[in-house]
Amino acid sequence: MKEKARILDKDALNRVLTRIAHEIVEKNKGVENLCLVGIRNRGVYLAQRLAGCIKNIEGKNVATGALDITLYRDDLALASGQPLVRKTEIDFDINGRNLVLVDDVLYTGRTARAALDALVDFGRPKSIQLAVLVDRGHRELPIRADYAGKNIPTSKDETVEVRLQETDGLDEVIIVEKN
Amino acid sequence: MGWTRKDLLGLEELSREELELILSTAESFKEVSTREIKKVPALRGKTVVNLFYEPSTRTRVSFEVAAKRLSADVINIATETSSVKKGETLIDTGRNIEALKADIIVVRHNCSGAAVILSRHVGLSVVNAGDGWHEHPTQALLDIFTLQEKLGRLEGLKVSIVGDIAHSRVARSNIWGLIKLGARVTVCAPKMLIPPGIEEMQVSVTDDIDLALKDADAVNVLRMQFERDGETAFPRQLEYFKEFGITQERLRKAKKDIIVMHPGPINRGIEMSSAVADGANSVILEQVTNGIAVRMAVLFLVAQANEQIKNHEDLN
């Protein structure tokens, strides 16, 4: 693994989140009826941070939950190592709400697809929107982001690594080249 | 660390890490049963066969519910009404189930070692739902899961197991699991129901119930099987209750928050009084609820591991 480029540092990442928070508030005309659901693992922390940004803007709390999509994956049988099943924690009613799904990287779209299937089991939101920190292209399904922090053209030989204070001890987004 | 075994045969062979993986996976699965739609697609298209050579309602139903909440298809075979009656061997039955392209066999058998033998002769996953006096791993896992949930830890916990230790697969699996996870185990029973050599499993032994309850964080009360005794059963039941039965009076001398467990079905007035079974210390019904989560975790882990084993074989 070789670091190829650094896309975001701490300050830039915060600015991106602040912008996405503004866009979410603008598009939903406030925070009435809004909720955020982060996809495990890093999406959960990004959702919490977005909720913090929205509180700074609107002065109101937004319900925030965590979704584990392992049980909805379409590649469990593939020999890509065993994903751990972690907890889903959505302790509010999602029926009739505008729900923003939050993830770190949008790539093939399969994670978002699994998340949509999972959310449907929790209820029927009025709308589901997708916010991602990085959109790196190479979609395999008809899925797009409503809010993207950075659009980064990548090759399939590269991976985008999002590191967050909560999980990795520092905030940064880098592109690394697979060997 | 991942789960790499295609089967769950017992807790004796598992490492501490493997036990902890099952427990943490079960914790995640518990949430599924609280949803409005209590189902996830994780085992969609998989077939689970419950093959029960012994009567069982709660374990079979628990496995069936667990499999269905994972979207698997479930087939129940009770051997009284099957070709086992016509003399088919366990291995032949297993191979036939495999030929049906099932994915997991959950087996309950009156012979110790039945699950191990079956697992050696079939490529599908085998989950031991109790074999003779040997092991009942998912029961012990749900007991341990409930303890951890209630007390927040396992390391250093003092757990007493009371009842027919000699003939109990539940006791054996609990001992293996609890010791590996750092708990301290005491077994308590009339001397004739303590198997010789039990001390080698690193447990303390007593035939004094008050001693077993003193300082214990939890007591796991096993079912007494007096139905085998025929006419002499009744006086022996009374005697057992007097000497070993868990009563409010005995609990008053124990820790205030002592947890009372029972794998069910309870003989009220034999192993414990009704007041204890329904009292504040009892977690008996929570054990039933947790059994679903634990069995979901086990079915999921063995199915996933077996998929990966098969894929690996295909690649080579």
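How many residues does the contact take from chain A and from chain B? In this predicted model, chain A supplies 15 residues and chain B supplies 19 residues.

**View 1. The contact between chain A and chain B.** The contact takes 15 residues from chain A. On the side of chain A that touches chain B, 7 are nonpolar, 4 polar and 4 charged. Chain B brings 19 residues to the contact.

**View 2. Helices H1 and H5 of chain B.** H1(B) covers residues 16–30, and H5(B) covers residues 137–151. The two helices pack at an angle of about 70°, and their axes lie 10 Å apart. H1(B) is therefore roughly perpendicular to H5(B), as angles of 65 to 115 degrees count as such. Their crossing is right-handed. H1(B) makes the contact through B:Ile22, B:Leu23 and B:Ala26. H5(B) answers with B:Leu141, B:Ile144, B:Phe145 and B:Gln148. By class, this contact has 6 nonpolar residues, 1 polar and no charged.

**View 3. Domain 1 and domain 2 of chain B.** Domain 1 of chain B spans 16–136 + 291–308, and domain 2 spans 137–287. Their centres, taken over C-alpha atoms, are 26 Å apart. Domain 1 of chain B gives 19 residues to the contact, and domain 2 of chain B gives 20 residues.

**View 4. The side of domain 1 of chain B that touches domain 2 of chain B.** H1, strand E4 (125–131) and helix H11 (284–315) of chain B each give two or more residues to this side. H1(B) gives the most, with 5 residues. This side of domain 1 of chain B divides into 8 nonpolar, 6 polar and 5 charged residues.

How values were computed: Residues are numbered from 1 along each chain as its sequence is written. Chains are lettered from A and ligands numbered from 1 in the order in which they are written. This is a predicted model: local features need pLDDT of at least 70, side-chain atom pairs count only at pLDDT 80 or more; totals for chains, interfaces and linings use all residues. Two residues are in contact if their C-beta atoms, placed from the backbone, lie within 7 Å. Ala, Val, Leu, Ile, Met, Phe, Trp, Tyr, Cys and Pro count as nonpolar, Asp, Glu, Lys and Arg as charged, and the others, Gly among them, as polar. Axes are lines fitted to C-alpha atoms, for helices over the stretch in contact, and angles run from 0 to 180 degrees between N-to-C directions. Helices (H or I, at least four residues) and strands (E, at least two) are DSSP runs, numbered from the N terminus. Angles under 35 degrees count as roughly parallel, over 145 as roughly antiparallel, 65 to 115 as roughly perpendicular and the rest as oblique. A crossing is left-handed if the near helix is turned anticlockwise from the far one by less than a right angle, and right-handed if clockwise. Domain bounds come from an automatic or database domain assignment.
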